[in-house]
Amino acid sequence: MFKSYPALAMDRSDQASSRDRHDKRADMLFHLVVKGCALLVLIALLGAAFSMLWGGREAFATFGWKFLWSSDWDAVQRKFGALVPIYGTLVTALIAMIIAVPVSFGIALFLTEIAPVWLRTPVAAAIELLAGIPSIIYGMWGLFVFVPFMAEHVDPWLDENLGALPITGPLFQGAPIGLGMLTAGIVLGIMVIPFVASIMREVFLTVPSEIKESSYAIGSTTWEVVWDVVLPYTRSAVIGGIFLGLGRALGETMAVTFVLGNAHLLSASLLEPGNSIAATIANEFTEADSPLYLSSLIALGFLLFAVTFIVLAVARLMLMRLAKRAGENRQ
Amino acid sequence: MSVSLFSSFKKQAAVLGFTTLLAADSVHAADISGAGSSFVYPILSKWSASYNAKTGERVNYQSIGSGGGIAQIKAATVTFGASDMPLRPEELEKVGLAQFPVVIGGVVPVVNLPGVKAGEIRFTGPVIANIFLGKITKWNDPAITSLNPKVRLPDQKITVVHRSDGSGTTFNWANYLSKVSPEWKTKVGEGTSVQWPAGIGGKGNEGVAAYVNQIKGSLGYVELAYALQNKMTFTKVKNKSGHFVDPSLETFQAGAASADWTEQPDFYEIITDAPGKASWPITASVFVLMYKQPKDAARSAEALKFFKWALEEGQNDAQSLDYVALPAKLVEQIETYWAKEIK
């Protein structure tokens, strides 16, 4: 036994180095797997973008840049342009965000600061449940319940009271049919609220209570605590949540198809029917009967990709500028 | 590339459906598969069920739309394709396809005017065209009131409702409007989807119907069976011989019977604006496409047997679903055509 001591020591060091090597290998494998996961998303993203660009190349080659600002969409003459769908997509998403952001903020604020504790969990669960409702249900609710309400009560009122105003007037003129950009924007807003609200609520909960309590201690109101402490602390996460909602609003298909009116007509009025990129593709893909028609629809898909990318990039740029200015103010 | 990508997509879908069917019943190696027009789907399913009960043969039909049906049969993944729009004889020649009608359908204008009953409003083709062109915008326009002296029409905007998806219904509707209005023909033309000068778009017959039911003062168009089954407020339309007719199984059949099916090869005949006193002006037919020299001759022969049974004995099924049977003379012509063209 004694004699075997050095041998044992040798054995131990041998064991240690083999374990090191084993660890190193496992580590490398782990790195590769994790890197692969991240790359997979990137590859899928680039692959999707490229295959849509490739599928749409005939449309881009035929119409060139004109594809972007032509309002034609004529399957008989084989003339296609993306202006109407791009315009509809942006306008409906904008209306949706104008509604969804303040409402979601209110929900998150209420649930984290004001609501009695016993109420918080059930309401939060209900909001997360709302996020799980399929969009076609929102579409059917929109068409059968909300559209008649808009047609009878909201549209006529808007037309009468706001339609005659000098600058914003043209936004609210039109026959009260209930379908249109405004209705689609509101339905989208309602769909986006659960996403934005549940993210806002979660990040508001991450604010350390010491910070909030100190603020309360020096006499801040709830509003001041939220506006001056909670929001600055969570700003980037909140804006991330808003982006997520915006992304969903830009790409939403089924609900928009039901309530937007699906008309390739360019109109300033929010009460008139329009079309969005996703709705156009959903409506027309199955029966696109010429290669150019099909290619134009795939090109539209690529443009939705591009539009979403540009909107998100612009938003991120604004965020960076905002962060810079906040830094300067602090100094 | 894009087209082949698209059709291979559909091909996979069809193959998938087909293999599951095979798995379900591997005894019937010679199942008949078809794809295309969603308009004929209800009647083809019913025929398929009755035929299966009688003979044990199965017909697997995928309702993927006329455009998809044409793509499928061209890719030879199905035994037959079905389309609401006939292919030109030259195009059939190029791919070696045969074409024949199986059932009559057609398009009906429907309105939402409170207090107005089905068949009360009378239209002429040019008036409908001008409404869809956006030139007539009010219900009390003299062009409409002069046709309907007995009906009190409101001072209300007409909301045009059209299909937002490509569709054989739209093709027949636009084809009719092109025949009766030169302006429609030059400005809009005909096709499964067109650039609509006015109105809103609903997806499918049910989408158009939902919009028409919701919006007061709207005018849309749907398939006859859809209008009848949902008790929609249809209108009378003046036909080529100057008579105002209601849409019904009888007037549709009259329209189909008055068309001259022998004039063009491969039954290439769009029967809108048909002559005859009782003819409904916007009658249409659904066509089946099959290879003249199919790779799988046995299966193709089975399909022909099925269609022979459907045209001869399946007509009660058709009527019970508000489809219009083919006139007997036309069935004879089709059977002669089969004997001559399909090997």
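Tutor: Let us begin with charge pairing between the two chains: across the interface of chain B and chain A the rule finds zero salt bridges, where a salt bridge is a side-chain nitrogen of Lys or Arg within 4 Å of a carboxyl oxygen of Asp or Glu. Please keep in mind that this is a predicted model, in which local features need pLDDT of at least 70 and side-chain atom pairs count only at pLDDT 80 or more, while totals for chains, interfaces and linings use all residues. Residues are numbered from 1 along each chain as its sequence is written, chains are lettered from A and ligands numbered from 1 in the order in which they are written, and side-chain values use heavy atoms, with hydrogens and water left out.

Student: How many residue pairs are in polar contact across the interface of chain B and chain A?

Tutor: A polar contact is a pair of N or O atoms within 3.5 Å; within protein, one must be able to donate a hydrogen and the other to accept it, and residues adjacent in sequence count only if both atoms are side-chain atoms. By that rule seven residue pairs are found between chain B and chain A, both residues being at pLDDT 80 or more. On the side of chain B that touches chain A, the elements giving two or more residues are α1 (2–24), α3 (66–74), β6 (159–163), β7 (200–202) and α9 (204–214) of chain B, with helices (H or I, at least four residues) and strands (E, at least two) taken as DSSP runs numbered from the N terminus. Of these, α1(B) gives the most, with four residues. That side of chain B divides into 13 nonpolar, 18 polar and six charged residues, where Ala, Val, Leu, Ile, Met, Phe, Trp, Tyr, Cys and Pro count as nonpolar, Asp, Glu, Lys and Arg as charged, and the others, Gly among them, as polar.

Student: What area do chain B and chain A bury between them?

Tutor: Buried area is the accessible area (1.4 Å probe) that two parts lose on being put together, summed over both. For chain B and chain A the value is about 2600 Å², with 54% of it on carbon and sulfur atoms, and 37 residues of chain B are in contact (heavy atoms within 4.5 Å) with 37 residues of chain A.

Student: Into which domains is chain B divided?

Tutor: Domain bounds come from an automatic or database domain assignment, which here gives domain 1 (32–104 + 283–341) and domain 2 (107–253) of chain B. Their centres, taken over C-alpha atoms, are 29 Å apart, and 14 residues of domain 1 of chain B are in contact with 13 residues of domain 2 of chain B. The area buried between these two domains of chain B is about 1200 Å², of which carbon and sulfur atoms give 62%. Met85(B), Asp322(B) and Val324(B) supply 41% of the area that domain 1 of chain B buries against domain 2 of chain B, more than any other three residues. Between these domains of chain B the rule finds zero salt bridges, although two residue pairs are in polar contact.

Student: What does the division look like in chain A?

Tutor: Chain A is divided into domain 1 (5–55) and domain 2 (63–330), and 41 Å separate their centres, taken over C-alpha atoms. The area buried between these domains of chain A is about 530 Å², of which carbon and sulfur atoms give 82%. Ala49(A), Met52(A) and Gly55(A) supply 75% of the area that domain 1 of chain A buries against domain 2 of chain A, more than any other three residues.
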